[in-house]
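Me: Hi! I have a protein open on my screen and would like to go through it with you. Can we take it piece by piece?

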Amino acid sequence: MLAPRPLFLFLAISVCAAAPVSFEKEIRPILEARCVKCHGAAIQLGKLDLRSRRSALKGGEKGPALSPGNASQSVLFQRISGLGKPAMPMDGKLTAAEVDSIREWIDQGAVWEGEIGKTAANPLKALEDSPLPPHAGDWWSFRAPTRPPVPLVTDAQWANNPIDAFIKAALDARRLTPAPRAGARTLVRRAYLDLIGLPPSPAEVRAFLDDKRPDAWARLIDKLLASPHYGERWGRHWLDVARYADSNGYEHDFDRPNAWRYRDYVIRAFNRDTPYNRFLEEQIAGDEVDDVTNDTLIATGFLRNYAKVGFREKDNPQFRYDYLDDMIATLGRGVMGLTVHCARCHNHKFDPILQRDYYRLQASLFSYVEVDYPLVSKARAEEYQRRNAAIDARLAPLKRRIAAIENPYKLLLVRQKYEKFPANVREAIATPEERRTPGQSLLANQVIRTTTVSSAEVEPLLKPGERALRDGILAEMRNIERERPAPIPMAMGIADGDYRFAPDGPGDEPAPGKGMRREAAEGSYRPDPGKPYVPPPSYFLYGGDMYSHGSTMRPGFVTVLVKGEPPVESPPPGRHTSGRRRALAEWLTSADHPLVARVIVNRIWHHHFGRGIVPSLDNFGHTGDMPSHPDLLDWLAVEFRERGWSIKNLHRLIMNSRTYQMASSFGDARDEAGDADNTWLWRFREQRLEAEIVRDAILTVAGTLNARMEGPAVFPALPRESLESMKNGIWRRQKDGPETWRRGVYVYRKRGLPFPFFEIFDLPDQTITCGRRNVSTVATQALALLNNEFVLEQSRLFADRVRGLSSRPDEQLRLAYEIALSRPPTDKERSLGLEFLQHNSIEDLTHVLVNLSEFLYMR
């Protein structure tokens with residue numbers, strides 16, 4: 001039985017003793033072709049040099065790249081195999097055979113012969129000058145839209161509106177039968193929910209039914225477009241694009257006390273029907289336009305809406321590049337319908353968007369600094385700043401005296417807190433600042449910034465004499481603080497400034513004569529009327545690495561979209577700004593830009609019909625959806641632009657069409673079989689109301705909606721467990737009542753704690769631009785409508801409203817249906833409802849009605 005053992009050992013040794021990997025034949029070619037262009041003579045991303053064994057063992061910011069004899073512990077192998085993030089190389093994966101070769105080579109000791117690429121030219125410089133691929137501009141959305149001829153249709157009902165002609169021609173080509181016109185009650189409810197987001201009252205329904213004029217429908221549309229509630233409804237759609245929120249997001253989720261002014265600006269802009277080209281110009285360059293107003297300054301909050309880490313940028317300069325990337329992503333997806341931000345580290349993988357284009361766009365935005373604009377006269381703002389500065393000067397010596405008492409104890413306590421961190425963090429903190437590696441600096445700065453000791457923690461350690469002295473100083477400081485002037489209204493926005501990574505900032509100093517900076521390390525805003533403004537330089541960044549500078553970038557645009565002579569920066573005379581953002585806005589809204597009009601027209605169409613002509617609202621590139629009706633989209637884009645970029649006129653055009661007025665339920669089996677997804681619009685598509693509108697509708701039928709517009713956000717009551725989960729930021733504990741029963745657009749948008757009722761009904765991620773909300777049907781929605789305390793209370797108040805109108809059960813039933821569903825009950829519903837009321841209360845009935853699909857859907 002022992003005889004086979006030598007043979008077994010021989011076979012095992014033969015299998016394990018793999019042939020040595022040749023560095024020259026197998027490894028060097030991979031490193032030369034795929035690695036040293038980013039980690040070689042020209043550039044060293046992450047401070048990693050892979051030209052020699054010595055430099056690879058030395059490593060970069062992430063430590064040594066090689067652990068000879070142990071591939072699994074080597075950063076190089078982890079990255080190329082996808083076990084570590086980010087995966088490398090950035091320009092595409094290695095083959096499985098190449099990965100295996102490098103693994104075996106490292107396991108065999110990583111024998112390395114000579115040095116790689118000693119005389120290699122800079123291969124990345126060519127990336128800056130990459131040409132567009134042939135026929136790049138041939139993609140349908142990169143060609144400027146032209147007005148196609150309107151199709152001829154024989155059916156007179158479909159010949160009065162160009163939209164109808166395009167839709168009917170497509171239906172006829174596919175032998176689909178359009179649905180008949182919806183009933184009057186259905187249409188009036190559809191119009192109210194669509195344009196103002198509130199169900200009509202029975203009186204408003206009756207007024208429309210009684211209006212026998214031939215233009216009654218057009219008059220209703222005009223009435224709703226003139227309602228101030230229109231801006232609340234349609235402004236909310238844009239706030240999704242603008243990734244609006246009232247807090248920073250991320251771990252600390254600090255409050256943004258003035259963010260709401262941007263939300264109110266958007267509502268006003270929609271109500272005024274601000275032309276869309278002007279609307280964009282104000283948001284991108286409201287401080288650079290000729291006619292600067294408070295509203296145009298508030299509008300610049302659009303670019304500042306990015307989610308923000310709670311540290312100052314000097315602690316991690318990378319954050320600034322992430323915020324710039326967010327701006328480019330929002331402008332790209334939200335305005336142009338392109339994923340321009342995908343070209344941050346390399347040329348776009350699918351669309352002809354060059355990395356150079358990305359950094360030209362970044363150059364247009366790079367000089368921004370965060371500014372809080374005073375919305376008062378210059379004289380009043382300067383007086384406010386002067387009085388505050390005087391109070392700060394009186395407080396400064398008192399603060400120093402407090403610090404002298406507390407700091408010895410704070411130093412003791414903070415050192416104790418540092419001991420709770422891992423050894424590598426403690427080592428980073430203990431290392432002198434000038435000797436820290438970049439990784440240690442990041443660790444140390446973040447921990448030092450967030451590990452604080454409060455005065456309350458110091459209190460128990462103070463000696464009696466110290467405590468008495470400190471209490472006296474604090475009392476004196478409180479008396480001085482009472483002399484501060486009342487706060488003036490401020491708006492968060494941006495301006496051009498002198499951005500730098502300063503080692504220390506002067507704090508929250510006012511910016512002379514115009515605005516106030518919140519975080520000095522993000523730059524400075526110090527207008528000097530005697531000197532022309534010079535924007536700080538921005539660079540082409542190899543691999544997106546902030547330390548790997550290529551050429552200095554001039555402002556520019558997406559090459560494949562540029563037609564003719566694009567706008568150039570023109571600094572406004574006498575102002576501390578570059579004019580670069582204004583040039584960007586002018587290019588976006590120019591008559592020959594192929595995308596901007598298409599994208600907004602498609603977005604409006606989506607909100608009316610539940611699906612865009614291009615379903616991927618924020619991606620008109622090669623990986624997006626193709627348009628179902630390309631000629632209609634181009635006709636609408638040209639019409640929209642030539643009629644003054646008016647969104648209200650576009651509403652009128654769409655809603656006065658036969659297409660919009662079709663019924664949503666239509667039982668033609670051929671249509672169902674031939675177009676089950678309703679791509680060709682043979683009927684109106686039912687649409688679930690968005691989260692905010694569900695809540696607004698419940699408040700409306702209960703008769704409790706507080707219609708007050710604008711102003712600071714409200715804080716509806718939250719479940720105890722939600723409040724307990726909140727670690728940072730704010731959520732004011734307001735009792736639910738008339739003050740919090742305002743429209744959903746005014747509910748506080750906390751990124752770290754979305755309002756639970758809204759989140760259940762698919763509130764989007766508030767940290768990134770959102771083109772189209774998800775629509776789900778899940779059990780938690782039904783459970784919320786059945787058990788949520790807000791829904792139960794509003795159902796009771798709805799019942800009280802019905803009781804106040806009639807005491808007869810049959811009349812109460814009719815009123816409840818007309819209030820909730822804009823129609824009386826059918827005979828069957830009346831019979832069942834009266835039977836229901838014999839055994840249940842009117843509160844039960846009203847609760848059932850707000851749970852119906854008919855209540856929750858626009859039909």
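This is a predicted model: local features need pLDDT of at least 70, side-chain atom pairs count only at pLDDT 80 or more; totals for chains, interfaces and linings use all residues.

Me: Where is alanine 799 found?
Reply: Alanine 799 is in helix H32, which covers residues 789–805.

Me: And is alanine 799 buried or exposed?
Reply: Alanine 799 has a relative accessible area of 0%. Buried means under 20%, so alanine 799 counts as buried.

Me: How far apart are alanine 799 and phenylalanine 855?
Reply: In sequence they are 56 residues apart, and in space their C-alpha atoms are 16 Å apart.

Me: Let's zoom out. How many helices and strands does the chain have?
Reply: There are 36 helices and six strands in the chain.

Me: What box do the C-alpha atoms fill?
Reply: Taken along the principal axes, the box is roughly 90 × 80 × 80 Å.

Me: What share of the residues in the chain is buried?
Reply: The chain has 859 residues, and buried ones make up 53% of them.

Me: What about the accessible surface of the chain?
Reply: That comes to about 38200 Å², and 55% of it belongs to carbon and sulfur atoms.

Me: Among contacts between residues at least 6 apart in sequence, how many join residues at least 24 apart?
Reply: For this chain, the share is 71% of those contacts.

Me: Is their crossing left-handed or right-handed?
Reply: H33 and H34 cross in a right-handed way.

Me: Which residues make the contact?
Reply: From H33 you have Pro809, Asp810, Leu813 and Tyr817, and from H34 there are Glu829, Arg830, Gly833, Leu834 and Leu837. Sorted by class, the contact of H33 with H34 has five nonpolar, one polar and three charged residues.

Me: How do H10 and H26 pack?
Reply: Helix H10 (residues 216–225) and H26 pack at an angle of about 150°, with 11 Å between their axes. An angle over 145 degrees counts as roughly antiparallel, so H10 and H26 are roughly antiparallel to each other. H10 passes H26 in a right-handed crossing.

Me: And which residues make that contact?
Reply: On H10 they are Trp217, Ile221, Asp222 and Leu225, while on H26 they are Lys648, His651, Arg652 and Met655. The contact of H10 with H26 has four nonpolar, one polar and three charged residues.

Me: Now the loops. What's the phi of tryptophan 645?
Reply: Tryptophan 645 has a positive phi of about 60°, although it is not a glycine. Look for tryptophan 645 in the loop between helix H25 (630–642) and helix H26 (647–655).

Me: Is tryptophan 645 buried or exposed?
Reply: Tryptophan 645 counts as buried because its relative accessibility is 7%.

Me: What kind of peptide bond joins methionine 88 and proline 89?
Reply: That one is a cis peptide bond, with omega about -5°. Proline 89 belongs to the loop between helix H4 (75–81) and helix H5 (96–107).

Me: One last stop: where is lysine 308?
Reply: Lysine 308 is in the loop between helix H15 (301–304) and helix H16 (318–336). Lysine 308 is buried, with a relative accessible area of 2%. Glycine 249 is 59 residues from lysine 308 in sequence, but their C-alpha atoms are 6.1 Å apart in space.

Definitions and conventions: Residues are numbered from 1 along each chain as its sequence is written. Side-chain values use heavy atoms; hydrogens and water are left out. Helices (H or I, at least four residues) and strands (E, at least two) are DSSP runs, numbered from the N terminus. Buried means under 20% relative accessible area, exposed over 50%, partly exposed in between (1.4 Å probe, protein chains only). A crossing is left-handed if the near helix is turned anticlockwise from the far one by less than a right angle, and right-handed if clockwise. Contact means heavy atoms within 4.5 Å. Ala, Val, Leu, Ile, Met, Phe, Trp, Tyr, Cys and Pro count as nonpolar, Asp, Glu, Lys and Arg as charged, and the others, Gly among them, as polar. Accessible areas come from the Shrake-Rupley method with a 1.4 Å probe; for residues, only the protein chains shown count as cover. Axes are lines fitted to C-alpha atoms, for helices over the stretch in contact, and angles run from 0 to 180 degrees between N-to-C directions. Angles under 35 degrees count as roughly parallel, over 145 as roughly antiparallel, 65 to 115 as roughly perpendicular and the rest as oblique.
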